[in-house]
Amino acid sequence: MFDLTMHELEISLCRKLRGFGTLKTRVPVTVMSTKNTPPPSEKTLPSDEQIEDELCLLDLEDADSLLLHVQDLVSQHLDEFPEDQVDDDAARYAAQMTKASITDGTRDGHLRIIKHYITFHLRRNKKWDAKRVDEKTPHDITVFITQKCGPVEQGFEGRKYSTAVSTRAALTMWYKNLRPNESLTEWRLDSVTNTWRGLPTRSRNVSQFMVGLEKTKAKSGEVSSSARALALEDIHRLYKYCLNSDLSLAQRRAGTIRYVAYLLAWLMLLRIDEVIKLRFENVDKIPGERRYIHISLNTRKQNQTGLLHSWRLHANDGDPIICPVRAFILLASLYGPEIKKTGPLFLHVTAQGAVMQSQPLTASALSRSLSRDLQGLGYAAWALYGTHSFRRGGCQYRIKVKRWSADMVAAWGGWSQVEAVTMFRYFYSPNDNHEFMHDYDRNV
């Protein structure tokens, strides 16, 4: 399929995309040039508070991205939370409480961290209530993480930043179990009941603390544990793995849908939870146009105003594996005429190979599939790839390979000036670049 000539591609598109997406008439596109645009005045530059808000948001995104693999992350640090700690009243009470509150036997690592958290605070204050959740709870969390990760010369344990990430994840589990009906995405004061809602691990205080701790650790030479980017060669490997000819028909069908989702997330700089929300209606079919696919998305996390964000994805004859037009041909061939071209774009495939339009693919299922695919490819660091890895990798691809300017990437990814912090973080990650430093100064 990926050896098609452009003429064959146009013919195939005519046949395969018939009825695929929304019929649109051609409309002129106005491209705004920024070459002669004067620099923004100081009034338009983001304030320190806006930048801090964006850093906190990025911290929460990283935390969410690593949650799927947190069990592996926690297991790497269990020796820092020994089971045979001093047996006193505080330790016994902590053990009883965690055992009674959390019955999931697969979370033994989390339980050890939680027991250390409760024991630590009870030894500091015998009246401390482990089940209390109020405005002081975020402070309790940061005090404990400071004890584990603060500098040794100041009397702390000096553990790595990844220990802080594991601890935060375990305490997220603790407070989720304490209050299972609370929101998992916020921390706010309910003005009506005067009670705090959500998870204290998602509070601004905890995010600010984690951002500061990561900076401090970075200054001391420690590499961050943020999610790794998926590079061009990774996308090539995922294609060959997902569409391997040795797979069964059902496996290749499921792999095709996964790969198209992977590719679109990477090309469009989307998170997994965003790409999975694409619908047939988001794909515009322009009569007579065979050079590109036009995709529109109503809202994104960065843009909650309801304004339209769209992408024009052009055919790529130079690298057919990452050609979006060919990817849609694969998807259209798989779905065939029996699948109605309405509703979610990415659908579940049964073990027998049936495509279930009533069961759309979910973000969690796609994230787990990515982990399995990377493990199948032999990636030792598979746990460092998360829901933001496509967005990070696609951003780096546009800068390093396609040679886009920063303003082009910002427009493509939907980033505002304030969100430039996030954009730069995607350009550069210590997890993605340090191993190549020996080639940086080559004179070719």
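This is a predicted model: local features need pLDDT of at least 70, side-chain atom pairs count only at pLDDT 80 or more; totals for chains, interfaces and linings use all residues.
Helix 9, which covers residues 232–242, packs against helix 13, residues 363–376, at an angle of about 90° and with the axes 10 Å apart. Since angles from 65 to 115 degrees count as roughly perpendicular, helix 9 is therefore roughly perpendicular to helix 13. On the helix 9 side the contact is made by Leu238, Tyr241 and Cys242, and these meet Leu370, Arg372, Asp373, Leu374 and Gly376 in helix 13. Sorted by class, that contact comprises 5 nonpolar, 1 polar and 2 charged residues.

Cys242 brings me to the cysteines: cysteine 242 has 0% relative accessibility and so counts as buried, and cysteine 323 is likewise buried, with a relative accessible area of 0%. As for disulfides, the count comes to 0.

Turning to helix 7, residues 161–178, we have 18 residues that reach 26 Å from the first C-alpha to the last, which is close to the 26 Å expected at 1.5 Å a residue. This helix is mostly covered, in that 15 of its 18 residues are buried.

Finally, leucine 189 sits in strand 2, residues 187–190, and is partly exposed, its relative accessible area being 40%. Leaving aside residues up to four places away in sequence, leucine 189 touches Asn194, Thr195 and Trp196. Between leucine 189 and glutamate 135 there are 54 residues of separation in sequence, while their C-alpha atoms are 8.4 Å apart in space.

Methods:
Residues are numbered from 1 along each chain as its sequence is written. Side-chain values use heavy atoms; hydrogens and water are left out. Axes are lines fitted to C-alpha atoms, for helices over the stretch in contact, and angles run from 0 to 180 degrees between N-to-C directions. Helices (H or I, at least four residues) and strands (E, at least two) are DSSP runs, numbered from the N terminus. Angles under 35 degrees count as roughly parallel, over 145 as roughly antiparallel, 65 to 115 as roughly perpendicular and the rest as oblique. Contact means heavy atoms within 4.5 Å. Ala, Val, Leu, Ile, Met, Phe, Trp, Tyr, Cys and Pro count as nonpolar, Asp, Glu, Lys and Arg as charged, and the others, Gly among them, as polar. A disulfide is a pair of cysteine sulfur atoms within 2.5 Å. Buried means under 20% relative accessible area, exposed over 50%, partly exposed in between (1.4 Å probe, protein chains only). The expected span of a helix is 1.5 Å times one less than its number of residues.
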